[in-house]
Amino acid sequence: MESKEYAMNYSPIKVVWSGIKRKFVLLNDCTFNTAGEVFVVPKGFLTDFGSIPRPFKPFFDPIGKEVPCYVLHDYLCALSNQGKFSRSKADKILLKSLRESGTSAYRSYMIYAGCRAFSLVRFIQRRFNAKND
């Protein structure tokens with residue numbers, strides 16, 4: 001059986017509570033090297049770490065070794081909302097970064113599946129709202 005090297009590298013993440021429910025402000029630029037790419041999340045970016053639906057919180061804590069993956073994913077999703085990045089690619093990078101950070105395959109794929117399901121729901125909502133406008 002061949003061993004795998006996990007190599008998600010990132011700079012220290014320093015945050016402070018923003019005063020907004022479950023939102024934290026980055027106090028420094030954070031550089032992430034994952035999935036063969038380098039991303040810089042700028043100082044001042046708002047993150048909620050993992051947006052875990054309430055029924056799943058006992059199983060998927062938004063605080064833990066996955067935090068860097070969640071911060072990067074939040075940033076890529078923010079870019080996606082501005083039309084500057086693909087949501088599908090953001091979710092794939094989340095999956096890859098989770099695996100690179102040493103998160104188990106099962107847990108990584110469960111988190112990824114949740115993100116993809118959320119994306120589908122948002123897509124349907126937007127289409128429905130666009131048709132009713």
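Which residue of E5 does Thr 31 stand opposite? Thr 31 faces Val 40. The model discussed here is predicted.

## Sheet E1-E4-E5

Three strands make up this open sheet, in the order E1-E4-E5. Their pairing is antiparallel. Strand E1 (9–10) and E5 are the edge strands, each pairing on one side only.

E4 and E5 run antiparallel and are joined by five bridges. Thr 31 and Val 40 stand opposite each other across these two strands.

## Helices across the sheet

H1 lies across E1, E4 and E5. Its direction is at about 80 degrees to E5. H2 lies across E4 and E5. For H2, the angle of about 80 degrees is to E4.

## Sheet E2-E3-E6

A further open sheet has three strands in the order E2-E3-E6. Its pairing is antiparallel. Strand E2 (15–17) and strand E6 (46–47) stand at the edges. Each has a single partner strand, so one side of each lacks a neighbour in the sheet.

Strand E3 (residues 24–26) is joined to E6 by two bridges, and the two run antiparallel. Val 25 stands opposite Leu 46 in E6.

## Nonpolar core

The largest nonpolar core has 25 residues. Val 41, Val 71, Leu 72, Leu 76, Phe 85 and Leu 94 have the most contacts inside this core. Two strands, E4 (30–34) and E5 (37–41), each give two or more residues to the core. So do three helices: H1 (67–81), H2 (87–100) and H3 (105–132). H1 gives the most, with nine residues.

Which residues does Phe 85 touch, leaving aside its neighbours within four places in sequence? Phe 85 is in contact with Phe 39, Leu 76, Leu 79, Ser 80, Ala 90 and Ile 93. Among these partners, Leu 76 is itself one of the residues with the most contacts inside the core.

## Cysteines

How many disulfides does the structure hold? The count is zero. Cys 77 is in no disulfide, and its nearest cysteine sulfur, that of Cys 115, is 6.8 Å away. Cys 115 is likewise in no disulfide, with the sulfur of Cys 77 as the nearest. The distance of 6.8 Å is beyond the 2.5 Å cut-off, so the pair does not count as a disulfide.

Are these cysteines buried or exposed? Cys 77 counts as buried because its relative accessibility is 10%, under the 20% limit. Cys 115 is buried too, with a relative accessible area of 13%.

Conventions: Residues are numbered from 1 along each chain as its sequence is written. This is a predicted model: local features need pLDDT of at least 70, side-chain atom pairs count only at pLDDT 80 or more; totals for chains, interfaces and linings use all residues. Side-chain values use heavy atoms; hydrogens and water are left out. A nonpolar core is a set of buried Ala, Val, Leu, Ile, Met, Phe, Trp, Tyr and Cys residues joined through side-chain atoms within 4.5 Å. Buried means under 20% relative accessible area, exposed over 50%, partly exposed in between (1.4 Å probe, protein chains only). Helices (H or I, at least four residues) and strands (E, at least two) are DSSP runs, numbered from the N terminus. Contact means heavy atoms within 4.5 Å. Two strands pair if DSSP finds at least two bridges between them. Axes are lines fitted to C-alpha atoms, for helices over the stretch in contact, and angles run from 0 to 180 degrees between N-to-C directions.
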